[in-house]
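Colleague: Put the model up on the screen, please. I'd like to go through the packing with you.

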Amino acid sequence: MRAGWLAGVAAGLCVGAAYAAPVGASDPRLAAIGDIEQAHADFVEHCAGCHGVRGNSAPAALPELQGRVGWFLCMPQSRAYLIRLPNVAHSRISDNAQLADMLNYMAFVVGGSSAPAHAQPFTAQEVAQERAHPLVSGSLTAERRHHALEAIKRCGAPASLLLNYEGENKKRG
Ligand code: HEC
C-alpha cells in the first residue's frame, strides 16, 4: 500500500515536471498532489481563460499568479483567502480533494518558488471548511491588500505583491 503510494507520487512528479513552469517544479510539496495531470487540466479548464495557462496574465488588470501566488500561503487567513475567492469556492470542481490538488498545483507549480518554506500543501479538509465561507466580490480588493501586506511584513514577500503584476504602475514609452 505504502509502496504503491510512493510510486504514485514519483509518477506524479514526473508528469509535474513535464507540465511545470520552470521555477519550483521540483518542490517536494508537489508530492501532496494526488493526480497532478488532472490538477493541471483543471487549472487550464477552469482558471486559465482569465489567468493564463501559466498564471501569466499581465498586463491584464488582474493579479498575476505566476511566481507570486504562493506568498498567500504565508498565514492561515491568507491561505483561506485563496480558497474563499468566489471563482475557487464556487468552482464546478465539487470534489474537495480534487480542488485541493488544483490549488496545490496553482501554489507550488504556477506560483514557482513564492510559497514560504513553512507553507504546507492544502488538504481536502481545509478546502471543505473554507469554501463554505465564500468571499463576496465587492470586498476583494481590500481583502487582497490586507493579505498582501501581511505576506510582505511577515514572510518577506516583495512590496510589488501589492500590485497586480510586477511593474504595473510603470509609465510606458
Ligand atoms: C472570469 C475570469 C476568472 C476566472 C475564470 C478565474 N479567475 Fe481568479 N481572478 C479573477 C479576477 C478578476 C481576480 C481579481 C479579484 C477579483 O476581482 O475577482 C482574480 C483573483 C484570483 C486570485 C487572487 C490572486 C491574488 O494575487 O490576490 C487567485 C488565487 C485566483 N483568482 C485563482 C483562480 C483560480 C484557481 C481559478 C480557477 C478555479 C480562477 N481564479 C478563475 C478572474 C478570474
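Colleague: Which residues are buried in α7?

Modeller: Val-127, Glu-130 and Arg-131 are the buried ones in α7. Buried here is 20 or more other C-beta atoms within 10 Å of a residue's own, exposed is 12 or fewer, and partly exposed is in between, with C-beta atoms placed from the backbone. Helices are DSSP runs of H or I with at least four residues, strands are E runs of at least two, and both are numbered from the N terminus.

Colleague: How wide is the arc that the buried residues fall within, seen down the axis of α7?

Modeller: They fall within an arc of 90 degrees, so they line one face of α7. That arc is taken from the directions between the helix axis and the C-beta atoms.

Colleague: What do the buried residues of α7 pack against?

Modeller: Three helices: α4 (76–84), α5 (86–89) and α6. Before we go on, this is a predicted model, where local features need pLDDT of at least 70, side-chain atom pairs count only at pLDDT 80 or more, and totals for chains, interfaces and linings use all residues. Numbering runs from 1 along each chain as its sequence is written.

Colleague: Noted. At what angle do α6 and α7 cross?

Modeller: Roughly 100 degrees, with the axes of α6 (residues 96–110) and α7 (residues 124–131) coming within 8 Å. That makes α6 roughly perpendicular to α7. For the cut-offs, under 35 degrees is roughly parallel, over 145 roughly antiparallel, 65 to 115 roughly perpendicular and the rest oblique. The axes are lines fitted to C-alpha atoms, for helices over the stretch in contact, and angles run from 0 to 180 degrees between N-to-C directions.

Colleague: And which residues meet there, α6 to α7?

Modeller: From α6 you have Asn-96, Ala-97, Leu-99, Ala-100 and Leu-103, and from α7 Ala-124, Val-127 and Ala-128. By class, that contact has 7 nonpolar, 1 polar and no charged residues. A contact is two C-beta atoms, placed from the backbone, within 7 Å. As for classes, Ala, Val, Leu, Ile, Met, Phe, Trp, Tyr, Cys and Pro count as nonpolar, Asp, Glu, Lys and Arg as charged, and the others, Gly among them, as polar.

Colleague: How about α4 with α7, what's the crossing angle?

Modeller: Roughly 75 degrees, and the axes come within 9 Å. So α4 is also roughly perpendicular to α7. Ala-80, Ile-83 and Arg-84 of α4 make the contact with Val-127, Glu-130 and Arg-131 of α7. The residues there divide into 3 nonpolar, no polar and 3 charged.

Colleague: Which residues of α4 are buried?

Modeller: Ser-78, Arg-79, Tyr-81, Leu-82 and Ile-83. Those buried residues pack against α5, α6, α7 and α8.

Colleague: Switching to the loop between α3 and α4. Is Phe-72 buried or exposed?

Modeller: Buried, because 30 other C-beta atoms lie within 10 Å. Phe-72 sits in that loop and touches Ser-78, Arg-79, Tyr-81, Leu-82, His-147 and Ala-151, leaving out residues up to four places away in sequence. Its C-alpha is 9.3 Å from that of Arg-144, 72 residues apart along the chain.

Colleague: Where's the cis peptide bond?

Modeller: Between Ala-58 and Pro-59, with omega about 5 degrees. Pro-59 is in the loop between α3 and α4 as well. Most peptide bonds are trans.
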